[in-house]
Amino acid sequence: MKISIIGTGYVGAVTGACLAELGHDIVFVGRDTKKLVLIQSGKSPIYEPGLDALLEKNIPRITTTVDLPDAVRKTSLTFICVGTPSNPDGSIDLDQVRAVSHTIGKSLASADGHHTIIVKSTVLPGTSETLVVPIMERESGKRAFVDFGVASNPEFLKEGTAVADFFHSDRVVIGTNDARSRAVLDALYTPLGAPIYATTIRTSEMIKYTSNAFLATKISFANEIGNLCKAMGIDSYEVFRGVGLDARISPHFFRAGIGFGGSCFPKDVRALIAYARMLGVEPQILDAVMDTNEDQPTKMIDLLKRHMDIAGKTIGILGLAFKPDSDDVRESRAIPLIRALNTERARVIAYDPVAINNFKRLFPDVTYTDSAQDVLGADAVLIVTEWKEFDDLDYHGKLVIDGRRMERARKEAGVYEGVCW
Ligand code: UDX
């Protein structure tokens, strides 16, 4: 099939590259010509392991353009992969979804043949039917689900493993309201071999939010139990190893520590909380999930204070990305942590294998180094992101506060405190 991908962030770039690998012709549509030039030359516009190789290998099937109407006319499928960031009050910002719906609708007016629009962006339940569809019908003068298809197909890609997650999904979720769109998505995803869970559009949209909200809840639950275990001198990782053996619970996403960051969990839980309130449903558990997550990084400061006065000292930070194998610093737990260290009038020296340039924009006054060794020379070391290379460092004689459970530090550090163990 000929497929347009609107949006060249990690969802759009990964989705397009993986669909090209499945043999489809892909047109990446974006506004950032620098990113488009990179993609056209087989280079990933984002740091995502394995993506460069996939783009390079599939260059013959890939084109890029800033001309969305032209792309819609030349393809039979369009994936909407634009961002849905948070508004200041936590509610979802649908401006990009609204804008591309307008442009796609206008393009459909003059497009011949059937076209299916697939909303892969994370949108609240009801958005495709109450926002995307009416705009496209108005702008095109055509009928949704008859003259053109609209479907939901949320992504479950984790940064750092997104390519593998695409090809080895536990399930593909598709939401359709018409048989033709269902057939198109079945044909597209059957080659993956993953179970296809077909449902309505708004149920599909809710599955995405429920999945992320539950995973975030699981992490905050692990952190609350972890804080309790810390107070009792019990290792929460040992506890969750035993708890996770229950098939109903599973061992995954019980890594207690300093909490979740990233471009998804925080924004999606906040959006669901705001939507629930608007519907008059009090989101008590989700509020607690976010409160626990906000508090978690400060546990490192509390632990550090048990061992030293922080004011005027140099505190080393190992890791700035929100998770390993990513350069993404959105909602990284390093952000509240460094804010707290600044309040305590500590000096900060920080290292991350790939995220320094992104982080520098947020904290230009922090000292950054391209060597983890320099960080070990600080008065204390805080482990914030569990990069594999941090297990190759020599922690002997160091004071280490560990937010991410690095085994070598736990075994070797001169003075060691784990946040939840
Ligand atoms: C998440 C979801 O996992 C994915 O399904 C969805 O499509 C997008 O959002 P992502 O945010 O990229 O993926 O990474 P993930 O591995 O889920 O980690 C998110 C945050 O949770 C990171 O800050 C990570 O450090 C933290 N985390 C994760 C924990 O603190 N403990 C865990 O056990 C797992």
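The protein has an accessible surface of about 18000 Å², and 54% of that belongs to carbon and sulfur atoms (areas come from the Shrake-Rupley method with a 1.4 Å probe, and for residues only the protein chains shown count as cover). Keep in mind that this is a predicted model, where local features need pLDDT of at least 70, side-chain atom pairs count only at pLDDT 80 or more, and totals for chains, interfaces and linings use all residues. Residues are numbered from 1 along each chain as its sequence is written, and side-chain values use heavy atoms, with hydrogens and water left out.

**Overall build**

- Of the 421 residues, 55% count as buried (buried is under 20% relative accessible area, exposed is over 50%, partly exposed is in between, with a 1.4 Å probe and protein chains only).
- The radius of gyration is 23 Å, which agrees with the value near 22 Å that a compact globule of 421 residues would have (it is taken over C-alpha atoms, and the globule rule is 2.2 Å times the number of residues to the power 0.38).
- Along the principal axes, the C-alpha atoms fill a box of roughly 70 × 45 × 40 Å.
- You'll find 17 helices and 14 strands here (these are DSSP runs, H or I over at least four residues for helices and E over at least two for strands, numbered from the N terminus).
- Take the contacts with a separation of 6 or more: 69% of them come from residues 24 or more positions apart (contact means heavy atoms within 4.5 Å).

**Domains**

- The domain assignment gives domain 1 (2–199), domain 2 (209–295) and domain 3 (298–418); bounds like these come from an automatic or database assignment.
- Between the centres of domain 1 and domain 3, taken over C-alpha atoms, there are 37 Å.
- Their contact takes 5 residues from domain 1 and 9 residues from domain 3.
- About 550 Å² is buried between domain 1 and domain 3, with carbon and sulfur atoms giving 49% (buried area is the accessible area, 1.4 Å probe, that two parts lose on being put together, summed over both).
- On the domain 1 side, Tyr 47, Glu 159 and Gly 160 lose the most area to domain 3, together 88% of what that side buries.

**Nonpolar cores**

- The largest nonpolar core has 55 residues, and those touching the most other members include Leu 304, Ile 317 and Tyr 395 (a core is a set of buried Ala, Val, Leu, Ile, Met, Phe, Trp, Tyr and Cys residues joined through side-chain atoms within 4.5 Å).
- Helix α14 (residues 334–343) supplies the largest share of this core, 6 residues.
- Domain 2 and domain 3 each give this core at least three residues.
- Leaving aside neighbours within four places in sequence, Leu 304 is in contact with residues including Ile 310, Leu 341 and Ile 401.
- Apart from this core lies another one, of 39 residues, among them Val 27, Leu 68, Val 119 and Val 132.

**Loop residues to look up**

- Ala 144 sits in the loop between α6 (127–140) and β6 (148–152), and it counts as buried because its relative accessibility is 6%.
- Not counting residues up to four places away in sequence, Ala 144 touches Val 133 and Glu 137.
- Most residues other than glycine have a negative phi.
- Ser 250 isn't a glycine, yet has a positive phi of about 70 degrees; this residue lies in the loop between α10 (236–243) and α11 (265–278).
- Glu 331 also has a positive phi, near 60 degrees, without being glycine, and lies in the loop between β9 (314–318) and α14.
- Ser 250 counts as partly exposed because its relative accessibility is 22%, and Glu 331 is partly exposed with a relative accessible area of 27%.
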